[in-house]
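Here are my notes for your first read of this model. Please keep the structure open beside them and check each point as you go.

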Amino acid sequence: MVDLSRSELEAIENLRGARKEFINEIHKVIIGQEKVIEELLIAIFCRGHCLMIGVPGLAKTLMVRTLAQILHIQFKRI
C-alpha cells in the first residue's frame, strides 16, 4: 500500500468532488451516456484530447456545449 501525503489526499478529494459536480451538472441536460461522460472527464482531468465520433442524433454537440458551459469556456463547432 502506498502512503499518501496530506496534500495528495486533499488533491484526490478535490478531484472526486469536481468529478461529482461535473456529472451532476451534465446530467441536468444529458440523460444516460455515462461511459461517454466518464471518458470526457478523464480527458479533461488528464489535460488530454477526446474525439467524439458517432452517428447523428447521439447528442455529441449538446454534450460538448454543456461541458463548455459548465467550465465557462467558449464553444465552437468545427
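**Notes on the helices and their contacts**

1. Start with Phe45. Phe45 is partly exposed, at a relative accessible area of 31%. The classes work like this: buried is under 20% relative accessible area, exposed is over 50%, and partly exposed lies in between (1.4 Å probe, protein chains only).

2. A word on the source. This is a predicted model, in which local features need pLDDT of at least 70, side-chain atom pairs count only at pLDDT 80 or more, and totals for chains, interfaces and linings use all residues. Residues are numbered from 1 along each chain as its sequence is written, and side-chain values use heavy atoms, with hydrogens and water left out.

3. Now the aromatic rings. The whole structure holds 1 aromatic pair. Phe22 and Phe45 form this pair, which is tilted, with 5.7 Å from centre to centre and 50° between the planes. Phe22 sits in helix H1 (residues 6–26) and Phe45 in helix H2 (residues 34–45), so the pair links distant parts of the chain, 23 residues apart. Rings of Phe, Tyr and Trp (its six-membered ring) pair if their centres lie within 6.5 Å; planes under 30 degrees apart are stacked, over 60 edge-to-face, and the rest tilted. Helices (H or I, at least four residues) and strands (E, at least two) are DSSP runs, numbered from the N terminus.

4. Is Phe22 buried or exposed? Phe22 counts as buried, at 12% relative accessibility.

5. Look at H1 against H2. They pack at an angle of about 135°, and their axes are 11 Å apart. That makes H1 oblique to H2. Axes are lines fitted to C-alpha atoms, for helices over the stretch in contact, and angles run from 0 to 180 degrees between N-to-C directions. Angles under 35 degrees are roughly parallel, over 145 roughly antiparallel, 65 to 115 roughly perpendicular, and the rest oblique.

6. Which residues meet there? From H1 come Leu15, Ala18, Arg19, Phe22, Ile23 and Ile26; from H2 come Ile37, Glu38, Leu41 and Phe45. Contact means heavy atoms within 4.5 Å. By class, this contact of H1 with H2 has 8 nonpolar, no polar and 2 charged residues. Ala, Val, Leu, Ile, Met, Phe, Trp, Tyr, Cys and Pro are nonpolar; Asp, Glu, Lys and Arg are charged; the others, Gly among them, are polar.

7. Turn to H1 and helix H3 (residues 60–71). Their packing angle is about 130°, with axes 10 Å apart. That makes H1 oblique to H3. In H1, Phe22, Glu25 and Ile26 meet Thr66, Leu67, Ile70 and Leu71 in H3. The residues of this contact divide into 5 nonpolar, 1 polar and 1 charged.

8. Next, the loop between H1 and H2. Ile30 lies in this loop. Ile30 is buried, with a relative accessible area of 4%. Leaving out residues up to four places away in sequence, Ile30 touches Ile37, Ala59, Leu62 and Met63. Gly17 is 13 residues from Ile30 along the chain, and their C-alpha atoms are separated by 20 Å.

9. Check two backbone angles. Gln33, in the loop between H1 and H2, has phi near 60°, a positive value in a residue other than glycine. Gln33 counts as partly exposed, at 32% relative accessibility. His72 is in the segment after H3. Phi of His72 is near 60°, again positive in a residue other than glycine. His72 is exposed, with a relative accessible area of 74%.
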